[in-house]
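Hi,

Here is the structure I promised to pass on to you. Please have a look at it first; my notes on what turned up follow below.

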Amino acid sequence: MKHLLLILFASLLLINCKKPETPIAEIDKLPPATHTGANTFGCLLDGQAFIPAGGTNPIDCEYQFVNGGYYFALQGSKRDSANNSLFLALSTKNVQIFANQTYILKENIEGNAYGTYGFSAIFSRTNSIQTGELKITKLDTQNQIVSGTFWFDVKDHNGVIHQIRDGRFDMQYTQ
C-alpha cells in the first residue's frame, strides 16, 4: 500500500511539474525578413521589439515621383504601455531608390535619406552626427513592392540617444 501511494504521489508531481518557459528574445519577436510584399515592419527600439499596431493606419509606405523628384516614405506607429504614441519612419527627399543600394540616413534636406523617431508627437531626426543606414534589398516597381533593412540613432529633445537596430520591412507601396 505504501508503494502504491508513493507511486501515485510521484506521478502527480510529474504531471503537475511544468518545464519553465524560455523567454522569447526581443529580436525573435520581429517579423521575418521577406521580399513578397507581406506588409511587415519591425525593429529593435532601444533593445525592445517595435512592431506597428493599433490605430487606423499603423503602417504606411509610399514611393512617388512628385514635382520632378522621387520621394520614399515608410512609417510605423504604435502605443507603448503608458499609451504614449511611438513613431518611426524612413524617408528620402528627392532621391530615387534602387534595389541592392544602401543610403546613409542623415539630415532631412533635399537629396538625402533620413530616419525619424517620434514620441507623443515630438519628432527627432537623424543628422550629421546621429546617422544610420537604409538598405533596399528589393524594389519591384511593377508590383509596387519594396523590402529592406535599416538602423539609425536619433537624439530626442531631452538629449537621450535612441538606438533603432535590426530593422526590416517588406511593403507594398502606393504611388
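Cysteine 43 counts as buried, because its relative accessibility is 0%. Cysteine 61 is buried too, at 2% relative accessibility. With a sulfur-to-sulfur limit of 2.5 Å, the disulfide count comes to zero. Please keep in mind throughout that this is a predicted model.

Now for the overall layout. The protein has one helix and eleven strands, and from the N terminus on the order is α-β-β-β-β-β-β-β-β-β-β-β. Of its 175 residues, 35% are buried. The protein exposes about 10,500 Å², and carbon and sulfur atoms supply 54% of that area. Among contacts between residues at least 6 apart in sequence, 51% join residues at least 24 apart.

β9 covers residues 132-140 and runs antiparallel to β6 (residues 101-105), with five bridges joining the two. Within that pairing, glutamine 101 has isoleucine 136 of β9 as its bridge partner. β9 also pairs with β10 (residues 145-155), again antiparallel, through eight bridges. There, glycine 132 stands opposite phenylalanine 152 of β10. β9 and β10 make a hairpin with four residues between them, and glutamine 144 in the turn has a positive phi of about 55°.

Two asparagines also have positive phi values. Asparagine 39 has a phi near 55° and is found in the loop between α1 (2-16) and β1 (40-45). At 36% relative accessibility, asparagine 39 counts as partly exposed. For asparagine 94, phi is near 60°, and the residue is found in the loop between β5 (85-93) and β6. Asparagine 94 counts as partly exposed as well, at 35% relative accessibility.

On to the charged pairs. Side chains of opposite charge can pair when their charged atoms come close. How many salt bridges does the count come to? The count comes to two. In one of them, the side chains of glutamate 26 and lysine 29 meet at 2.7 Å, N to O. Lysine 29 has 40% relative accessibility, so this residue counts as partly exposed. In the other salt bridge, the side chains of arginine 165 and aspartate 153 meet at 2.8 Å, N to O. Because arginine 165 lies in strand β11 (residues 161-172) and aspartate 153 in strand β10, this pair ties together parts that are twelve residues apart in sequence. Are its two members buried or partly exposed? Arginine 165 is partly exposed, at 25% relative accessibility, whereas aspartate 153 has 16% and so counts as buried.

In soluble globular proteins, nonpolar side chains tend to be buried together. Here the largest nonpolar core has 28 residues, and those with the most contacts inside it are Phe72, Leu90, Val146, Phe150 and Phe169. β10 gives the most to this core, with four residues. Leaving out residues up to four places away in sequence, phenylalanine 150 touches Phe41, Gly42, Cys43, Leu90, Glu133, Leu134, Ile164, Arg165, Asp166, Gly167, Arg168 and Phe169. That list includes the buried Cys43 and Arg165 of the second salt bridge.

Tyrosine 173 sits in the segment after β11. Which label does tyrosine 173 get, buried or exposed? Tyrosine 173 is buried, because its relative accessibility is 3%. Beyond its neighbours within four places in sequence, tyrosine 173 is in contact with Cys61, Glu62, Tyr63, Leu139, Asp140, Thr141, Gln144, Ile145 and Val146. Among these contacts are the other buried cysteine, Cys61, and Gln144 from the hairpin turn.

Happy browsing, and best wishes

Conventions. Residues numbered from 1 in each chain as written. Predicted model: local features only at pLDDT ≥ 70, side-chain atom pairs only at ≥ 80, totals over all residues. Heavy atoms only, no water. Pairing = 2+ DSSP bridges. Buried < 20%, exposed > 50% of the residue type's maximum accessible area, 1.4 Å probe, protein only. Salt bridge = Lys/Arg side-chain N within 4 Å of Asp/Glu carboxyl O. Core = buried A, V, L, I, M, F, W, Y, C linked by side-chain atoms within 4.5 Å. Contact = heavy atoms within 4.5 Å. Areas by Shrake-Rupley, 256 points an atom, 1.4 Å probe, with all protein chains shown as cover.
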